[in-house]
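Subject: Structure for your files

Hello,

Please find the structure below. My notes on what was found follow it.

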Amino acid sequence: LAARVEQADIAMADLYAGDRSVQINGTARGPASSALAIIMASPLKNGRAARLAKVDIDGELEVLLEMDLALFAGGERQVLGQVHFAGNRIDARQQNLALDDVVGTVSFTRDDWYGKDLTANFAGVPVGVILNGGLDDPNYDSEIRLRGTTAAAQFFQSLTHTAPSLHTWLNGHGALAAVSGAIAWQTVLTLPSEKIDRPSLPGRLRFESSLDGVTVNLPEPLRKAAREQIPLVIEMEFGAAAMQPVRIDYGDIVDAEILS
């Protein structure tokens, strides 16, 4: 698959037992397409790691696999894996989300995947990233958490792509020019479970910020000094067939829904 196998150990404890098993531990490095093909050629393809097949990844990847595979019908197959990112670009087409310069490690089992303390650039902004593919929810199994700080003007510019109706509403109420400072934020993107017996549910996006250090130069009661903290929460769904509302909570001051 165009990848280089840099180290591998293969062992079969008992060659003559009827219920034989083989242990394979190895490392491969190569183009991202090769690394993904290795994962999809392993038993990991039957679990949530299969989501990797639906993203575009540039650059080289290092893949580590630890497999204990029964060679008889009904035997257990245990698989652990890791993918090391070193400055790669990840483009999740379905979620319309692209991360550049991704650095860190994502670990896999057959049932979940997890990556903590990754770093990346999102729309030119350095962000921390947490990936969690083991949610205990029958309808939503994975989430992507991003944390960063963005200048207010840059944040509003990003809304033209992610939430155009919200950008239009804020602009119509004079909010874009009235907000200044740097917005420290976190976003949670929750992804639905993929099931062939039903239409796909919409994904969920939740944006949160305390607006600490942000000045809002609007008439009362919307005015906010930089030293104040007023929680801002924006929630929306994506990928649904019908239009969905964008929900906005600005402390105890604003509670609105805008049809997207």
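**Aromatic rings**

Trp185 is buried, and Phe207 is buried as well; buried means under 20% relative accessible area, exposed means over 50%, and partly exposed is in between (1.4 Å probe, protein chains only). Before going on, note that this is a predicted model, in which local features need pLDDT of at least 70 and side-chain atom pairs count only at pLDDT 80 or more, while totals for chains, interfaces and linings use all residues. Residues are numbered from 1 along each chain as its sequence is written, and side-chain values use heavy atoms, with hydrogens and water left out.

There are three aromatic pairs in the structure. Rings of Phe, Tyr and Trp (its six-membered ring) pair if their centres lie within 6.5 Å; planes under 30 degrees apart count as stacked, over 60 as edge-to-face and the rest as tilted. One of the pairs is Phe155 with Phe207, stacked at 4.9 Å centre to centre with 25 degrees between the planes. Phe155 belongs to helix 2 (residues 152-162) and Phe207 to strand 12 (residues 203-209), so this pair ties together parts that are 52 residues apart in sequence. Helices (H or I, at least four residues) and strands (E, at least two) are DSSP runs, numbered from the N terminus. Phe155 is buried, like Phe207.

Trp185 and Phe207 also count as stacked, because their ring centres are 6.3 Å apart and their planes are at 25 degrees. This pair, too, links distant parts of the chain: Trp185 is in strand 11 (residues 182-192) and Phe207 in strand 12, 22 residues apart. Ring pairs join Phe155, Phe156, Trp185 and Phe207 into a cluster.

Elsewhere, Arg204 lies over the face of Tyr140, 4.0 Å from the ring centre. The criterion for a charge over a ring is NZ of Lys or CZ of Arg within 6 Å of the ring centre and within 35 degrees of the ring normal.

**Salt bridges**

Side chains of opposite charge can pair when their charged atoms come close. The structure has nine salt bridges, a salt bridge being a side-chain nitrogen of Lys or Arg within 4 Å of a carboxyl oxygen of Asp or Glu. Arg4, Glu6, Arg29, Glu60 and Glu62 are linked in a network of them.

Glu6 is partly exposed, at 43% relative accessibility, and Arg4 is partly exposed at 40%. Glu6 also forms a salt bridge with Arg29, with the closest N and O atoms 3.2 Å apart. Since Glu6 is in strand 1 (residues 4-11) and Arg29 in strand 2 (residues 21-31), the pair ties together parts that are 23 residues apart in sequence.

Arg29 is partly exposed, with a relative accessible area of 27%. Arg29 forms a salt bridge with Glu62 as well, the closest N and O atoms being 2.6 Å apart. Glu62 lies in strand 4 (residues 60-70) and Arg29 in strand 2, so that pair ties together parts 33 residues apart in sequence. Glu62 is buried, at a relative accessible area of 17%.

**Backbone**

Which residues does the cis peptide bond join? Glu220 and Pro221, with omega about 5 degrees. Pro221 sits in the loop between strand 13 (215-216) and strand 14 (232-238).

Ala123 has a positive phi, near 55 degrees, in a residue other than glycine. Ala123 is in the loop between strand 7 (113-122) and strand 8 (125-132) and counts as exposed at 54% relative accessibility. For Leu211, phi is also positive, near 60 degrees. Leu211 is in the loop between strand 12 and strand 13 and counts as buried at 6% relative accessibility.

**Second largest pocket**

The second largest pocket holds about 420 Å³ of space. On a 1 Å grid over the protein atoms alone, a pocket is an open set of points where a 1.4 Å probe fits, with protein on both sides within 12 Å along at least five of seven lines; lining residues have an atom within 4 Å of a point. Grid points are joined across faces, edges and corners, and a volume is the space filled by probe spheres set on the points.

This pocket is lined by 20 residues, of which Trp169, Leu170, Ala175, Leu218 and Tyr250 lie nearest its centre. Helix 2, helix 3 (164-172), strand 14 and strand 15 (245-250) are the elements that give two or more residues to the lining. Helix 3 gives the most, with three residues. By class, the lining has 19 nonpolar, one polar and no charged residues; Ala, Val, Leu, Ile, Met, Phe, Trp, Tyr, Cys and Pro count as nonpolar, Asp, Glu, Lys and Arg as charged, and the others, Gly among them, as polar.

Regards
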